[in-house]
Amino acid sequence: MGRLAQTDGLTEIQRDILATVREFVDKEIIPVATELEHKDEYPTEIVEGMKQLGLFGLTIPEEYGGLGESLLTYALVVEEIARGWMSVSGIVNTHFIVAHMINAHGTQEQKDHFLPRMAAGEIRGAFSMSEPGLGSDVAAISTKGVKDGEFYVLNGQKMWLTNGGTSSLVAVLCRTDEGGSTPYKNMTTFLIEKTPGFGANPTVPGLTVPGKIEKMGYKGVDTTELVLQDVRIPADRILGGVPGRGFYQMMDGVEVGRVNVAARGCGVARRAFELGISYAQQRSTFGKKIAEHQAIQFKLAEMATKVEAAHQMMVMAARKKDSGERNDLEAGMAKYLASEYCKEVVEDAFRIHGGYGFSKEYEIERLYREAPMLLIGEGTAEIQKMIIGRRLLEEYRIAG
Ligand SMILES: Cc1cc2nc3c(=O)[nH]c(=O)nc-3n(C[C@H](O)[C@H](O)[C@H](O)COP(=O)(O)OP(=O)(O)OC[C@H]3O[C@@H](n4cnc5c(N)ncnc54)[C@H](O)[C@@H]3O)c2cc1C
């Protein structure tokens with residue numbers, strides 16, 4: 001472990017958890033990540049290992065069998081995992097978001113029913129807001145839930161579900177139009193339990209996960225569509241039991257998700273820096289190691305500064321949330337900064353590798369294809385800037 005991206009003030013438990021995860025990443029993830037990624041293969045053994053470590057229950061309260069850890073612990077764990085392979089952090093992330101939403105907004109029955117099995121990793125979560133026609137403009141969703149006695153009948157098409165195939169629980173945002181005063185109050189989150197896999201779902205008639213979307217990076221983890229055709233879901237599977245709250249529940253979920261994406265950016269950037277500074281001390285040109293050329297040293301200096309700045313901002317955003325304060329401003333800033341810096345650090349590490357950076361034999365090639373996803377997931381840079389800008393005008397409103 002190097003000097004960069006240290007976190008002051010951690011408890012002994014947090015330090016122990018991080019040391020364990022770091023060792024797991026170095027031994028079990030980094031050696032196999034690139035090969036699995038090139039084959040687009042789901043990392044089954046890694047997931048089993050994470051189950052054993054209790055990582056699926058990291059933030060779930062102890063009363064439900066989890067470790068009851070903070071958002072900060074979670075974010076630091078994600079940073080370590082993403083340093084090994086970003087896709088693996090994606091497998092944990094949607095699960096974490098759904099568990100957070102159930103814990104924060106679910107009925108007691110929903111918490112008792114889902115959280116213990118989620119903590120054990122037996123149920124794994126995915127969440128679904130996006131549709132083929134929209135991602136940023138969530139309020140424009142068209143997937144509909146219509147009340148029919150004690151059930152709701154769901155129809156529509158969803159897009160870009162991370163873990164859409166491998167998950168066994170999907171939190172799906174639908175328009176329910178039951179008299180809310182604004183579009184935001186007419187949306188409802190449904191908790192749909194399904195059998196993992198692709199094609200027509202054997203346990204939920206009318207629900208289909210067509211197959212994996214082919215992606216430029218972020219491979220191994222499945223990203224899918226979800227088709228709902230007259231899917232009947234009991235009314236008691238509305239998150240929180242009351243319709244019309246789904247938009248706010250999902251926004252709460254993506255807010256913690258944003259800290260998570262920032263943490264992923266930090267992890268990927270740190271790995272890129274490690275690869276860059278290592279390669280720069282091995283490759284020679286014009287009679288000396290390239291690390292001795294000032295132009296390369298300047299690159300390394302810029303990369304390290306970005307790694308450090310993004311880490312500290314991510315930690316600050318997580319701590320704000322853990323303190324119970326509103327953190328949308330800090331989460332937006334952390335996500336924006338960490339994802340942009342990650343892309344830049346990865347690009348610099350790629351340039352340091354010269355032609356070899358273009359070869360699939362070098363890890364930086366994988367990172368180069370992974371970093372762009374962080375610019376999009378949990379809200380694009382433009383959406384973060386809209387959130388940041390709006391909050392700044394609230395904070396700095398002048399009288400008159
Ligand atoms: C690999 C992957 C995994 C994903 N996983 C999930 C998931 O698990 N669950 C889920 O629900 N979604 C998921 N998504 C979807 C993701 O959240 C959306 O792709 C993202 O929110 C952007 O939406 P969009 O793709 O529809 O782009 P659009 O909203 O169409 O935006 C296109 C461009 O216009 C810009 N833009 C949009 N509105 C404005 C505005 N008002 N002002 C200025 N610029 C604007 C955007 O910033 C972007 O540059 C995933 C996406 C990817 C690629």
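The second largest pocket of this predicted model is lined by 15 residues, and Thr59, Glu69, Phe96, His100 and Asn103 lie nearest its centre. The model is a prediction, in which local features need pLDDT of at least 70, side-chain atom pairs count only at pLDDT 80 or more, and totals for chains, interfaces and linings use all residues. Residues are numbered from 1 along each chain as its sequence is written, and side-chain values use heavy atoms, with hydrogens and water left out.

The search runs on a 1 Å grid over the protein atoms alone: a cavity is a set of points where a 1.4 Å probe fits but cannot get out, a pocket is an open set with protein on both sides within 12 Å along at least five of seven lines, and lining residues have an atom within 4 Å of a point. Grid points are joined across faces, edges and corners, and a volume is the space filled by probe spheres set on the points.

| Space | Volume | Lining by class |
|---|---|---|
| Largest pocket | about 1,400 Å³ | 21 nonpolar, 12 polar, 15 charged |
| Second largest pocket | about 270 Å³ | 8 nonpolar, 4 polar, 3 charged |
| Largest cavity | about 40 Å³ | 8 nonpolar, 3 polar, no charged |
| Second largest cavity | about 30 Å³ | 2 nonpolar, 4 polar, 1 charged |

In these classes Ala, Val, Leu, Ile, Met, Phe, Trp, Tyr, Cys and Pro count as nonpolar, Asp, Glu, Lys and Arg as charged, and the others, Gly among them, as polar.

**The pockets**

In the second largest pocket, H4 and helix H7 (294-322) each supply at least two lining residues. H4 gives the largest share, 5 residues. Helices (H or I, at least four residues) and strands (E, at least two) are DSSP runs, numbered from the N terminus. The second largest pocket lies between domain 1 (12-119) and domain 3 (248-395), because both give residues to its lining. Domain bounds come from an automatic or database domain assignment.

The largest pocket has 48 lining residues, and those closest to its centre are Met129, Gly135, Ile376, Glu378 and Gly379. Two or more residues of this lining come from each of helix H4 (86-105), strand S1 (125-128), strand S3 (151-162), helix H6 (246-280), H9 and helix H10 (381-395). H6 provides the largest share, 8 residues. Domain 2 (125-244) and domain 3 (248-395) each contribute at least three residues to the lining of the largest pocket.

**The cavities**

Across the whole structure, 2 cavities of 30 Å³ or more are found. Around the largest cavity are Leu55, Phe56, Gly57, Leu58, Thr59, Ile60, Tyr74, Val92, His95, Phe96 and Ala99. The largest share of this lining, 4 residues, belongs to H4.

**A helix crossing**

Helix H1 (residues 12-39) and helix H9 (residues 363-376) have axes that come within 10 Å and cross at roughly 60°. Axes are lines fitted to C-alpha atoms, for helices over the stretch in contact, and angles run from 0 to 180 degrees between N-to-C directions. The crossing of H1 and H9 is left-handed, a term for a near helix turned anticlockwise from the far one by less than a right angle. On the H1 side, Ile30, Ala33, Thr34, Glu37 and His38 meet Glu363, Glu365, Arg366, Arg369 and Glu370 of H9; contact means heavy atoms within 4.5 Å. The residues of this contact comprise 2 nonpolar, 2 polar and 6 charged.
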